Amino acid sequence: MSGVVAVGTATAAPTPGAVHDKVVSADPVNWTPHVLDGRVKAIVQAGDMVILGGSFTQVASADESETYDRANIVAVDAKSGEVSTSFAPQIDGEVTALQVSADGKSVYAGGFFDTVNGAAHKSLARIDLDDGSVTAGFKAPAMSGRVKDLRLDGDRLWVAGTFTHIAGKNQGALATLDADTGAFDAFTRLKFAETRSGNVQVMKIDITPDGSKLVAIGNFFTVDGQSRPQLAVLDLTGGSARLAPWRTDFYQPRCASAYDSYMRDLDIAPNGKFFVVTTTGAWRGDDGPCDTTARFDLTTSGDPIQPTWVNYSGGDTMYAVEITGPVVYLGGHFRWQNNPNTSDGDSAGPGAVARSGIAALDPVNGLPLRWNPGRTTGVGVFDMLPTSTGLWVGSDTDRIGNREYHGRVAFFPLAGGTAIPNPKQWGVPGDVYRTTTLAGSTKLTKQNFDGTKFGSSRNVDGGGIDWSRVTGGFVLGDTLYLAQADGSLTQRKFTGSSYGAASAIDASDKLVEDYAWHRDLSRATGLFYSSGRLYYTLSGQSKLYYRYFTVESGVVGATRFVASENVDGIRFADVNGMFVTTGKIWWGSRADGKLRQATFTSGRIMPGTTKVVSTPTEGHTWKSKATFPYTGTGGDLPDKPRPGGTRRTGTEPAKPAAEPAGADEERGWFDELEKMADEMEAAW
Amino acid sequence: MISPTGTRRKHLRIAALAVALAAIAGCTSTGEPPDPDAAAGQDTRQSAVEESADPSAAPSSAPRKGGASTIVKSAPPSPTAERTPPPKEFERRRVRVESAATARLVGLDVDKAGGVERVTFTFADTEVLPTYDVHFVEAVRAHPEDDPIAVNGEAFLEVGFAFTDPNTKGRLGVDPGMRPDQPLVKETLLVENLGGSLRFAIGLDHRARFRAVELDEPTRLVVEVRP
């Protein structure tokens with residue numbers, strides 16, 4: 001959560017971090033200097049200079065041939081990592097927050113210090129970048145506590161912290177100053193109050209790129225007398241700051257008693273439409289705010305607003321969060337992500353994904369992306385800064401990126417990074433595939449749909465897949481995903497007439513198999529993907545379920561959600577094959593074999609919009625193991641399977657096993673698994 | 001090794017170390033309840049703080065050749081220094097032993113044996129343990145004015161060392177965070193490493209009795225906790 005400012009460029013609005021179009025490389029560059037002790041708490045960039053703040057005493061050159069005494073702040077060249085010898089201010093305590101001035105020639109420093117260059121400057125100072133001297137003309141006001149975060153919005157400097165009074169005014173925790181002079185600015189007189197313990201504090205703030213909103217987190221529970229448990233959104237569009245009509249009670253519950261506030265960091269997305277918050281707090285179950293990362297929508301208003309998604313580490317702290325557009329980077333003390341199912345807050349539960357101290361999340365659903373450089377966790381990562389060329393990371397440890405030595409600061413370049421796939425989601429008009437079972441034989445067929453009526457049904461090459469064992473499927477881009485009765489989910493290349501080798505979607509099973517998910521798959525009766533979610537129906541269940549799913553990493557969310565109960569016009573227990581197109585959900589009915597559709601928006605089915613689209617003809621009903629639209633080229637893949645479809649994967653049956661005996665064995669196995677799960681749940 | 005570069009810098013270093021020492025020793029500003037058993041230690045700390053003193057001192061901004069290997073520099077241990085050994089009994093009271101030794105931390109191990117669980121700090125470059133301080137805290141913090149740090153467990157022992165370099169060949173020589181799968185010791189975490197002042201937090205299942213045991217060859221401090 002830091003800004004990037006070009007030297008000499010005046011800015012009228014806050015300066016968000018750079019927007020990226022891909023995930024940065026997992027291999028940090030080797031030219032960054034090493035901070036030799038302490039911790040790096042803040043990172044900003046001004047032109048070609050990167051400034052690091054924190055609590056440390058020495059910095060070494062990248063090749064470790066030279067060391068520099070640096071008192072809690074250091075400037076380095078953004079391209080070479082060379083330590084500046086002209087900028088070496090003496091600050092006698094931790095620099096917790098930094099903000100680049102509008103002209104890019106100085107930085108505002110806030111933190112746990114009392115003097116700068118031997119003169120009294122308690123908690124806040126403005127320092128020239130050319131020589132480290134205190135900037136003339138800016139006089140920080142007296143304050144009763146410490147500065148914990150800073151933001152610059154035009155000519156206004158926002159100061160957050162632990163103070164109760166500033167410039168002689170009874171203005172606690174959050175105040176505004178004239179950015180040029182440091183004089184008190186009455187733009188905000190909002191009163192943050194009511195804590196569980198200790199003085200009120202605002203720990204972190206961020207401002208939307210257009211300067212219209214500010215989000216604050218801290219230990220407060222009210223703002224101007226209105227309930228705002230630990231998080232408040234302010235409206236900055238008027239003549240003074242006002243409380244926005246935006247409230248969440250997600251952070252109302254307690255976590256561990258040691259924390260007056262378990263909030264740790266927040267970052268607003270570069271588009272200003274959402275923000276992400278991190279917490280500590282110790283494990284308190286899979287539905288609370290403790291040890292979480294959560295996304296909230298800023299384009300809405302109301303009370304109470306629920307998080308868009310919540311990602312659980314399973315008992316470990318998240319600190320720094322930074323959104324670059326397609327990625328939410330996360331640093332902390334954690335060992336896992338996607339870990340709501342831990343049994344004790346100190347172990348990986350079903351579905352957990354190993355991520356040591358640093359991770360990249362999919363902003364759509366909060367699931368971890370593949371990026372996994374790893375680091376020795378220590379206490380955590382305290383700040384990250386995305387720039388036009390990569391991502392700076394500041395921490396308290398010295399191993400990161402496959403355990404390379406990088407003393408407390410590392411830079412992950414965009415060069416060598418990876419793009420996040422955004423595969424095409426097929427719709428209609430086009431071909432619709434389904435399975436048809438005739439005389440005990442299940443085959444894959446397709447019919448063209450012109451938007452109003454279906455053409456004739458044609459058999460297509462089934463690729464050697466035993467379609468009688470399929471429980472659901474969909475195509476994204478040129479990849480066919482199939483769920484099977486053995487509880488597996490596989491992916492393979494698909495052209496409509498040829499099939500690539502199957503591989504298992506098992507990224508969430510590497511540590512502890514997510515048996516509940518695989519139990520669901522074995523009993524699925526319909527399955528489709530939409531907007532970072534896998535929606536599915538289950539045999540005998542009157543609900544539409546979903547789990548999060550990230551194509552890039554193949555991680556499946558460890559929590560099952562209910563998207564919808566039965567609504568007028570749809571009984572989910574009757575679903576037998578299901579797909580989605582823009583604004584529509586389509587499903588075949590096991591009761592009458594008809595294909596129906598209804599309006600489907602934002603994961604919800606509009607009641608009363610159901611209509612029959614197609615009825616069974618010539619024995620071809622819409623009762624299907626998998627129904628999906630796909631209008632590909634029909635070409636062959638280089639690795640087209642041999643005639644007879646003898647290629648198998650470990651997730652496919654060794655031989656066609658449509659016989660009841662095989663199915664019974666599988667059901668028996670899952671029944672055993674389900675029984676075990678029930679016993680475990682009861683024990684927990 | 002870093003060579004001294006003048007009296008002013010040395011004075012500031014001493015001042016910084018003294019402040020760090022005081023931070024290790026004095027936790028009253030962290031909100032920790034007063035510890036009536038620590039009175040003697042506070043007297044000693046006071047004298048340590050008085051040793052330092054040149055607030056106007058400032059280090060050079062120029063680099064020094066020779067690489068980064070240590071941040072610690074102090075007078076060598078006095079051969080005549082009198083050290084009070086730690087109590088042998090398991091208690092919950094603070095244990096603090098003063099020393100003029102400088103040291104390098106090269107090992108941190110957690111194990112259990114004989115009905116106790118042990119956290120062993122192993123040192124090199126010294127035959128005398130550096131100043132150490134072991135005591136319970138209500139919340140673990142890297143800085144007295146900062147927010148609590150999450151450490152696994154229900155009770156938290158802090159083990160602090162002064163004049164101690166945690167690096168070996170410029171790298172942290174011990175794992176800054178370990179989570180042993182033991183009944184009592186749940187986590188060890190390096191929460192402060194600044195200017196030769198180290199503080200580790202030991203997360204415990206409960207507020208158990210402990211004692212500090214000093215061992216030689218190699219020089220070790222063993223914090224034993226008993227359920």
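A: A disulfide is a pair of cysteine sulfur atoms within 2.5 Å. The model is predicted, and that cut-off is applied to its atoms.

Q: What makes Cys255(A) and Cys290(A) a disulfide?
A: Their sulfur atoms lie 2.0 Å apart. The limit is 2.5 Å, so the pair qualifies as a disulfide. The link is left-handed, with -100° about the S-S bond. Over all chains, the rule gives a count of one disulfide.

Q: Why is the pair Cys255(A) and Cys290(A) said to link distant parts of the chain?
A: The two cysteines are 35 residues apart. Cys255(A) sits in the loop between β23 (242-243) and β24 (263-268) of chain A, while Cys290(A) sits in the loop between β25 (274-279) and β26 (292-297) of chain A.

Q: Are Cys255(A) and Cys290(A) buried or exposed?
A: Cys255(A) is buried, and Cys290(A) is buried too. The term requires a relative accessible area under 20%.

Q: Why is helix α1 (residues 515-522) of chain A called largely enclosed?
A: Eight of the eight residues of this helix are buried, so the rest of the structure largely encloses it. Among the buried residues of α1(A) are Trp517(A), His518(A), Arg519(A) and Asp520(A).

Q: How many residues does each chain bring to the contact between chain B and chain A?
A: Chain B gives 40 residues and chain A gives 46 residues. To be counted, a residue needs heavy atoms within 4.5 Å of the other chain. The area buried between the two chains is about 3500 Å², with carbon and sulfur atoms giving 47% of that area. On the side of chain B, Asp147(B), Arg171(B) and Arg179(B) lose the most area to chain A, together 17% of what that side buries.

Q: What makes Lys41(A) and Asp146(B) a salt bridge?
A: The closest N and O atoms of Lys41(A) and Asp146(B) are 3.5 Å apart. The cut-off for a salt bridge is 4 Å, so this pair passes. Across the interface of chain B and chain A, six salt bridges are found.

Q: How many residue pairs are in polar contact between chain B and chain A, and which elements of chain B supply the touching side?
A: The count is 15 residue pairs in polar contact. In chain B, α1 (7-25), β1 (64-65), β9 (171-172) and β11 (185-194) each supply at least two residues of the side that touches chain A. The largest share, six residues, comes from β11(B). The residues of that side divide into 19 nonpolar, 11 polar and 10 charged.

Definitions and conventions:
Residues are numbered from 1 along each chain as its sequence is written. Chains are lettered from A and ligands numbered from 1 in the order in which they are written. This is a predicted model: local features need pLDDT of at least 70, side-chain atom pairs count only at pLDDT 80 or more; totals for chains, interfaces and linings use all residues. Side-chain values use heavy atoms; hydrogens and water are left out. Helices (H or I, at least four residues) and strands (E, at least two) are DSSP runs, numbered from the N terminus. Buried means under 20% relative accessible area, exposed over 50%, partly exposed in between (1.4 Å probe, protein chains only). Buried area is the accessible area (1.4 Å probe) that two parts lose on being put together, summed over both. A salt bridge is a side-chain nitrogen of Lys or Arg within 4 Å of a carboxyl oxygen of Asp or Glu. A polar contact is a pair of N or O atoms within 3.5 Å; within protein, one must be able to donate a hydrogen and the other to accept it, and residues adjacent in sequence count only if both atoms are side-chain atoms. Ala, Val, Leu, Ile, Met, Phe, Trp, Tyr, Cys and Pro count as nonpolar, Asp, Glu, Lys and Arg as charged, and the others, Gly among them, as polar.
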